[in-house]
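Subject: Structure handover

Hello,

Here is the structure I said I would pass on. Please open it first; my notes on what was found follow below.

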Amino acid sequence: MISVFGSANMDLVAYVSKAPKRGETVTGRHFRTIPGGKGANQAIAAARAGARVAFLGAVGDDGFGAEMRATLAEAGVDVSGLRQVPGPSGIAHIVVDDDGGNSIVVVPGANGTVTGPSPDDLAVIAASQALLLQLELPMGAVVKAARGARAAGVPVFLTPAPAQPLPAELLDAVTTIVPNEHEAAAITGVSGADAALDALLELVEEAVITLGSEGALFGSRSGERLRVPAVPVKAVDTTAAGDTFVGALAVARSEGRAMAGALRFASAAAALSVQREGASTSMPARQEIEREVS
């Protein structure tokens, strides 16, 4: 089982030919509300990639919260650890352009009320093969979950987004950090993927830097170094590509795949996701990923 301690947001997605500049108004061609949030996205990605998944987080007592709970459950995710709190659920306002690029504003809502894992949450984490974390919950809560996993000997995968300073007590508990190139540079203060990877390995045991159409770069303190090319596709919407990658990567690693094979599996899943609109709606099933890898 994989546990995910993280955010659930309703994505309010506007599709435009070109994203507006500051002070500019543009006409969109399409609008959708899609359940998302980095935590929920990763949970759904891992479930569709073949894992049993438990999601731990919070939604509000509004219609968005009910819809997000239903979406997770329909994907096969255990939502018994998804608490409901008074007030609005988290939302993300997303603008997607015709090149598949996006800009995102997140309003935490119920996610901001999560102060840490409950005793029941910690028991679920301790029984997991991996814990997935992101930074759309308060940092103190993320640290507590990471330390709980580390104490139980459970590998911790951290997506350091949105990028922000990372406390040492969090980094000490992380097994594998998975930033994109921008996040890696923000964390390390170093530009260039290879140099940033070296800097990340001074902080954590393993690091994977996702490079979009350039693939992914992996390194470990044991000296292993891998570069896996991306699957060449025409991107329609890249919103959940990183979350799809991380969810699939954790599944592959929890199944005992070597890192090279796990990265190919994750890259295939991400490539499939960017060819579809939306976040949770874009994530591929296990059979699709296996066909892409073979």
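**Helix packing**

Helix α9 packs against helix α10 (residues 286-293) at an angle of about 115°, and their axes are 9 Å apart. Angles of 65 to 115 degrees count as roughly perpendicular, so α9 is roughly perpendicular to α10. The crossing of α9 with α10 is right-handed. Please keep in mind that this is a predicted model.

On the α9 side, the contact is made by Arg 264, Phe 265, Ala 268, Ala 269 and Leu 272. On the α10 side, Arg 286, Glu 288, Ile 289, Glu 290, Glu 292 and Val 293 take part. Sorted by class, this contact has 6 nonpolar and 5 charged residues, with no polar ones.

The crossing of α1 and α8 is right-handed. From α1, the residues in contact are Lys 38, Asn 41, Gln 42, Ala 45 and Ala 46. They meet Asp 243, Thr 244, Val 246, Gly 247 and Val 251 of α8. By class, the contact of α1 with α8 has 4 nonpolar, 4 polar and 2 charged residues.

**The largest pocket**

The largest pocket holds about 1,100 Å³ of space. Its lining is made up of 44 residues. Nearest the centre of the pocket are Asn 180, Thr 238, Thr 239, Ala 241 and Gly 242.

Which elements give two or more residues to this lining? They are the strands β2 (9-15), β6 (90-96) and β7 (102-107), together with the helices α1 (38-48), α6 (181-188), α8 (241-254) and α9 (259-273). Helix α8 gives the most, with 5 residues.

What classes do the lining residues of the largest pocket fall into? They divide into 23 nonpolar, 16 polar and 5 charged.

**A cis peptide bond**

One further point concerns the backbone. The peptide bond that runs from Ala 161 to Pro 162 is cis, and its omega is near 0°. Where does Pro 162 sit? Pro 162 is in the loop between β9 (156-158) and α5 (168-171).

Regards

Note on methods: Residues are numbered from 1 along each chain as its sequence is written. This is a predicted model: local features need pLDDT of at least 70, side-chain atom pairs count only at pLDDT 80 or more; totals for chains, interfaces and linings use all residues. Side-chain values use heavy atoms; hydrogens and water are left out. On a 1 Å grid over the protein atoms alone, a cavity is a set of points where a 1.4 Å probe fits but cannot get out, and a pocket is an open set with protein on both sides within 12 Å along at least five of seven lines; lining residues have an atom within 4 Å of a point. Grid points are joined across faces, edges and corners, and a volume is the space filled by probe spheres set on the points. Helices (H or I, at least four residues) and strands (E, at least two) are DSSP runs, numbered from the N terminus. Ala, Val, Leu, Ile, Met, Phe, Trp, Tyr, Cys and Pro count as nonpolar, Asp, Glu, Lys and Arg as charged, and the others, Gly among them, as polar. A crossing is left-handed if the near helix is turned anticlockwise from the far one by less than a right angle, and right-handed if clockwise. Contact means heavy atoms within 4.5 Å. Axes are lines fitted to C-alpha atoms, for helices over the stretch in contact, and angles run from 0 to 180 degrees between N-to-C directions. Angles under 35 degrees count as roughly parallel, over 145 as roughly antiparallel, 65 to 115 as roughly perpendicular and the rest as oblique.
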